[in-house]
Amino acid sequence: MVSSQSRLKVNVSDIAAKVIDGEAILINVANGMYYSMDNAGAVVWELIQEGHSLAQISEYIAARYDASLETIRADIERLADELVERNIVALDTEPALPLDVQTPSSKQPYNCLLYTSDAADDSSVVFVWGG
(Lines give C-alpha, C1' and ligand atoms only; values in the text may rest on other atoms or scores of the structure.)
Protein backbone atom coordinates (compact mmCIF):
# COMPACT_ATOMS: atom_id res chain seq x y z
CA MET A 1 0.00 0.00 0.00
CA VAL A 2 1.27 3.45 -0.84
CA SER A 3 1.46 6.46 1.44
CA SER A 4 1.80 10.17 0.78
CA GLN A 5 5.57 9.88 1.22
CA SER A 6 5.84 7.15 -1.42
CA ARG A 7 7.66 7.70 -4.66
CA LEU A 8 6.68 5.57 -7.63
CA LYS A 9 8.63 4.44 -10.65
CA VAL A 10 7.17 3.42 -13.97
CA ASN A 11 7.42 -0.23 -14.97
CA VAL A 12 9.39 0.71 -18.09
CA SER A 13 9.83 -2.89 -19.24
CA ASP A 14 6.07 -3.31 -19.75
CA ILE A 15 4.59 0.21 -19.98
CA ALA A 16 4.75 2.56 -22.95
CA ALA A 17 3.37 6.00 -22.10
CA LYS A 18 2.97 9.45 -23.59
CA VAL A 19 1.05 12.59 -22.63
CA ILE A 20 -0.71 14.13 -25.63
CA ASP A 21 -2.99 17.19 -25.44
CA GLY A 22 -3.59 16.82 -21.69
CA GLU A 23 -4.21 13.08 -21.78
CA ALA A 24 -1.79 10.43 -20.49
CA ILE A 25 -1.97 7.34 -22.67
CA LEU A 26 -0.42 4.18 -21.26
CA ILE A 27 -0.19 0.75 -22.84
CA ASN A 28 0.95 -2.38 -21.08
CA VAL A 29 2.80 -4.07 -23.92
CA ALA A 30 2.98 -7.35 -21.97
CA ASN A 31 -0.79 -7.86 -21.65
CA GLY A 32 -2.37 -5.41 -24.12
CA MET A 33 -4.15 -3.29 -21.51
CA TYR A 34 -4.74 0.34 -22.46
CA TYR A 35 -5.01 3.09 -19.87
CA SER A 36 -5.89 6.74 -20.24
CA MET A 37 -5.87 9.57 -17.69
CA ASP A 38 -7.05 13.06 -18.51
CA ASN A 39 -6.93 16.49 -16.87
CA ALA A 40 -5.29 16.34 -13.43
CA GLY A 41 -4.49 12.67 -14.01
CA ALA A 42 -2.19 13.52 -16.91
CA VAL A 43 -0.35 16.00 -14.68
CA VAL A 44 -0.07 13.36 -11.95
CA TRP A 45 1.38 10.90 -14.47
CA GLU A 46 3.99 13.41 -15.64
CA LEU A 47 5.00 14.14 -12.03
CA ILE A 48 5.28 10.41 -11.23
CA GLN A 49 7.58 10.02 -14.24
CA GLU A 50 9.70 12.96 -13.04
CA GLY A 51 10.35 11.21 -9.70
CA HIS A 52 8.29 13.22 -7.21
CA SER A 53 6.64 11.82 -4.08
CA LEU A 54 2.87 11.50 -3.80
CA ALA A 55 2.92 14.25 -1.13
CA GLN A 56 4.69 16.62 -3.51
CA ILE A 57 2.33 15.69 -6.33
CA SER A 58 -0.69 16.27 -4.07
CA GLU A 59 0.53 19.72 -3.09
CA TYR A 60 1.23 20.61 -6.72
CA ILE A 61 -2.26 19.50 -7.83
CA ALA A 62 -3.90 21.28 -4.86
CA ALA A 63 -2.20 24.52 -5.89
CA ARG A 64 -3.65 24.28 -9.40
CA TYR A 65 -7.01 22.53 -9.06
CA ASP A 66 -10.17 23.42 -7.15
CA ALA A 67 -10.23 20.83 -4.35
CA SER A 68 -8.86 20.48 -0.84
CA LEU A 69 -5.41 19.02 -0.25
CA GLU A 70 -6.99 16.23 1.81
CA THR A 71 -9.32 15.23 -1.04
CA ILE A 72 -6.52 15.35 -3.59
CA ARG A 73 -4.12 13.40 -1.38
CA ALA A 74 -6.70 10.65 -0.81
CA ASP A 75 -7.52 10.49 -4.53
CA ILE A 76 -3.87 10.33 -5.57
CA GLU A 77 -3.09 7.62 -3.04
CA ARG A 78 -6.09 5.61 -4.28
CA LEU A 79 -4.96 6.12 -7.88
CA ALA A 80 -1.40 5.10 -6.95
CA ASP A 81 -2.72 1.92 -5.30
CA GLU A 82 -4.59 1.13 -8.52
CA LEU A 83 -1.48 1.76 -10.66
CA VAL A 84 0.65 -0.46 -8.38
CA GLU A 85 -1.99 -3.20 -8.38
CA ARG A 86 -2.06 -3.16 -12.19
CA ASN A 87 1.77 -3.31 -12.34
CA ILE A 88 1.97 0.04 -14.14
CA VAL A 89 4.24 1.46 -11.43
CA ALA A 90 6.12 0.13 -8.42
CA LEU A 91 7.25 1.68 -5.16
CA ASP A 92 10.64 3.34 -5.47
CA THR A 93 13.18 3.57 -2.65
CA GLU A 94 15.06 6.50 -4.17
CA PRO A 95 14.48 9.92 -2.56
CA ALA A 96 11.98 12.19 -4.27
CA LEU A 97 13.29 14.94 -6.49
CA PRO A 98 12.50 18.56 -5.52
CA LEU A 99 9.31 20.08 -6.91
CA ASP A 100 8.59 23.80 -7.01
CA VAL A 101 4.94 24.36 -6.07
CA GLN A 102 3.78 27.79 -7.15
CA THR A 103 0.14 28.83 -6.99
CA PRO A 104 -1.30 30.21 -10.22
CA SER A 105 -3.78 33.10 -10.20
CA SER A 106 -6.78 30.82 -10.82
CA LYS A 107 -7.55 27.15 -10.28
CA GLN A 108 -8.91 24.64 -12.76
CA PRO A 109 -11.86 22.30 -12.12
CA TYR A 110 -10.65 19.14 -10.42
CA ASN A 111 -11.47 15.86 -12.09
CA CYS A 112 -9.76 12.88 -13.60
CA LEU A 113 -10.80 9.72 -15.32
CA LEU A 114 -8.60 6.63 -15.51
CA TYR A 115 -9.94 4.53 -18.36
CA THR A 116 -8.65 1.03 -19.02
CA SER A 117 -9.39 -1.28 -21.91
CA ASP A 118 -8.33 -4.87 -22.54
CA ALA A 119 -8.02 -5.49 -26.25
CA ALA A 120 -7.88 -9.27 -25.70
CA ASP A 121 -11.41 -9.62 -24.32
CA ASP A 122 -12.83 -6.21 -25.26
CA SER A 123 -13.46 -5.33 -21.60
CA SER A 124 -12.99 -1.91 -20.06
CA VAL A 125 -12.88 -0.37 -16.61
CA VAL A 126 -13.36 3.27 -15.71
CA PHE A 127 -11.76 4.56 -12.52
CA VAL A 128 -13.02 8.07 -11.72
CA TRP A 129 -11.51 10.36 -9.13
CA GLY A 130 -11.83 14.00 -8.26
CA GLY A 131 -14.60 16.39 -9.23
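Tutor: Keep in mind that this is a predicted model. We can start with the charged side chains.

Student: Glu82 and Arg86 meet in a salt bridge. Is Glu82 buried or exposed?

Tutor: The salt bridge between the two side chains has an N to O distance of 2.6 Å. Glu82 has a relative accessible area of 16%, and the cut-off for buried is under 20%. Glu82 is therefore buried.

Student: And how is Arg86 classed by its accessibility?

Tutor: Arg86 has a relative accessibility of 21%. Buried requires a value under 20%, and exposed a value over 50%. Arg86 therefore counts as partly exposed.

Student: How many salt bridges does the structure hold, and which residue does Arg7 pair with?

Tutor: The structure holds two salt bridges. In the one formed by Arg7, the closest N and O atoms are 3.5 Å apart.

Student: Where is Asp81, and which residues beyond its sequence neighbours does it contact?

Tutor: Asp81 is in helix H3. With a relative accessible area of 25%, Asp81 falls between the cut-offs of 20% and 50% and is therefore partly exposed. Once neighbours within four places in sequence are set aside, the contacts of Asp81 are Met1 and Val2.

Student: What kind of aromatic pair do Tyr65 and Tyr110 form?

Tutor: A pair of aromatic rings is described by the distance of the centres and the angle of the planes. For Tyr65 and Tyr110 the centres are 6.5 Å apart, and both residues are buried. Tyr65 is in the loop between H2 and H3, while Tyr110 is in the loop between E5 and strand E6. Their planes meet at 65°, and an angle over 60 degrees counts as edge-to-face, so the pair is edge-to-face.

Student: Which residue lies over the face of Tyr60?

Tutor: The distance to the ring centre of Tyr60 is 3.7 Å. The residue over the face of this ring is Arg64.

Key: Residues are numbered from 1 along each chain as its sequence is written. This is a predicted model: local features need pLDDT of at least 70, side-chain atom pairs count only at pLDDT 80 or more; totals for chains, interfaces and linings use all residues. Side-chain values use heavy atoms; hydrogens and water are left out. A salt bridge is a side-chain nitrogen of Lys or Arg within 4 Å of a carboxyl oxygen of Asp or Glu. Buried means under 20% relative accessible area, exposed over 50%, partly exposed in between (1.4 Å probe, protein chains only). Helices (H or I, at least four residues) and strands (E, at least two) are DSSP runs, numbered from the N terminus. Contact means heavy atoms within 4.5 Å. Rings of Phe, Tyr and Trp (its six-membered ring) pair if their centres lie within 6.5 Å; planes under 30 degrees apart count as stacked, over 60 as edge-to-face and the rest as tilted. A charge sits over a ring if NZ of Lys or CZ of Arg is within 6 Å of the ring centre and within 35 degrees of the ring normal.
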